[in-house]
Amino acid sequence: IEETTLNKIFEQHAFLCKSEGYQPLNRTQLLNICCGLASCKLILLEPSRNIYLQRVRCNMSVDDIDYVINQN
């Protein structure tokens, strides 16, 4: 997905962790990760009154992401 909200990222992260048997990160930890990615300009965070409804957009092409994932 090229655009979503922080809240949807948190929900998906929790679902994937639980389905794989991992302890999910809390919202503060995930928010810090997203802020770090935004400071590197890998994602864009659009301001919102509710921090969890902020829109998150990828600032890389899907092809670049696929390339990086397939390198590991």
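Select Ser48 to begin. With a relative accessibility of 34%, Ser48 counts as partly exposed, a class that lies between buried (under 20% relative accessible area) and exposed (over 50%), computed with a 1.4 Å probe on protein chains only. The model is a predicted one, in which local features need pLDDT of at least 70 and side-chain atom pairs count only at pLDDT 80 or more, while totals for chains, interfaces and linings use all residues. Residues are numbered from 1 along each chain as its sequence is written, and side-chain values use heavy atoms, with hydrogens and water left out.

Ser48 belongs to the loop between E2 and E3; strands (E, at least two residues) and helices (H or I, at least four) are DSSP runs numbered from the N terminus. Contact here means heavy atoms within 4.5 Å. Next, display Asn50, whose backbone oxygen lies 3.3 Å from a polar atom of the Ser48 side chain.

Now colour the strands E2 (43–46) and E3 (55–58). These two pair in the antiparallel sense over four bridges; strands pair if DSSP finds at least two bridges between them. Within this pairing, Leu45 stands opposite Val56 in E3.

Proceed to strand E1 (3–5). E1 and E3 are also antiparallel, paired over three bridges, and Glu3 faces Arg57 of E3. Beyond its neighbours within four places in sequence, Thr5 is in contact with Tyr52, Leu53, Gln54, Arg55 and Val56.

Finally, select helix H1, residues 6–20. Its 15 residues reach 21 Å from the first C-alpha to the last, close to the 21 Å expected at 1.5 Å a residue, where the expected span is 1.5 Å times one less than the number of residues. Which residues of H1 are buried? They are Leu6, Phe10, His13 and Cys17. These residues lie on the same side of H1 because they cover an arc of only 65° around the axis, the arc being that of the directions from the helix axis to the C-beta atoms. Their cover includes E1, helix H2 (27–39), E2 and E3. The tour ends at Gly21, which follows H1 and has a positive phi, near 85°.

Note on methods: Polar contact = N/O pair within 3.5 Å; in protein donor to acceptor, adjacent residues only side chain to side chain.
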